[in-house]
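Biologist: I am new to this structure and would like to learn how to read its features. Could you take me through a few of them, with the general idea before each case?

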Amino acid sequence: MAYARSDMMMKTARALLASVMVLSAGALISGCQSDPDIDITKLGLETDPPDVLYTQGLANMKAGNMAEAARKFDAIDAQNPFSEWARKALVMSTFVKYRQGRFDDALASGNRYMAQYPKSKDAAYVQYLVGLTYSKQIVDVTQDQRASQKTIEAMQAVVDNYPDSEYVDDAQAKMRFARDQLAGKEMQVGRYYMERKEYLAAISRFRIVVEKYPNTNQVEEALARLVEAYYALGVVEEAQTAAAVLGHNYPDSQWYADSYKLLQSGGAEPRENKGSWIAAAGKKLLLGS
């Protein structure tokens, strides 16, 4: 999947370049013929026209000189603001900075592009790059999950604003992963409270997972933890409801087996209370929403 996404990104980048190669190739070839030993990384940014700078940027990209490529594209943007060359260069600058791992710079150029050219033919690609940039910064659930939330927001914009683009499927996949991370963070905090027998605080975290992130990998455990927490508080009816919803959705789960055993130890069994918030949330699980 990673290789497929990389191929798709490079394919898009190549498509962007193709439209200008004919215009700019002649200028670069002419310059190289006059000096066969020219070093493209030393060409002066102040005097070269935008088509030549663009072609130099492409050549540096192909040679793996990403820093120099970014410098060329940025020079076009600085010297020819709001021109068609500047628009194209801003796309490539965002891509190059993303590939360099200069995430703050990639976000700055990508967001500026979206502010200036939201309806351009490359807008879907740039918005996708913004989402990818946030996605690359997602960290372990023990750490802050701001990047996960930002990934969801950026990729949702791809889905909402460019529904026919080729980036929608991967945008949705990135959102699923980010939601799982956010749910995982809630579970981590909930377990912390469970270990300290702060059951009400734990329940509030597990409830967020069940209600807000119903399609994540964390829901199964969240329901089982609700059984534990409610049972420990003596709120047996809610524990029974959580176990019933768990059994409806994950009948072969070890979490369900453990929850069933816990209830049986006190002479109870899974039974759904239709008026419980857990039952209402369980309907969403069954509907797959």
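Modeller: Let us begin with contact, which means heavy atoms within 4.5 Å. Leaving aside its neighbours within four places in sequence, Trp-255 is in contact with Glu-220, Glu-221, Ala-224, Arg-225 and Leu-246. This is a predicted model, where local features need pLDDT of at least 70 and side-chain atom pairs count only at pLDDT 80 or more, while totals for chains, interfaces and linings use all residues. Residues are numbered from 1 along each chain as its sequence is written, and side-chain values use heavy atoms, with hydrogens and water left out.

Biologist: In which helix is Trp-255 found?

Modeller: Helices are DSSP runs (H or I, at least four residues), as are strands (E, at least two), and they are numbered from the N terminus. Trp-255 belongs to helix H12, residues 254-265, and the chain has 13 helices and 0 strands.

Biologist: Is Trp-255 buried, partly exposed or exposed?

Modeller: Buried means under 20% relative accessible area, exposed over 50%, and partly exposed in between, with a 1.4 Å probe and protein chains only. Trp-255 has 28% relative accessibility and therefore counts as partly exposed, whereas buried residues make up 49% of the 289 residues in the chain.

Biologist: Which residues touch the most other members of the largest nonpolar core?

Modeller: A nonpolar core is a set of buried Ala, Val, Leu, Ile, Met, Phe, Trp, Tyr and Cys residues joined through side-chain atoms within 4.5 Å. Of the 72 residues in the largest one, these are Tyr-54, Met-61, Phe-73, Val-96, Leu-223 and Leu-226.
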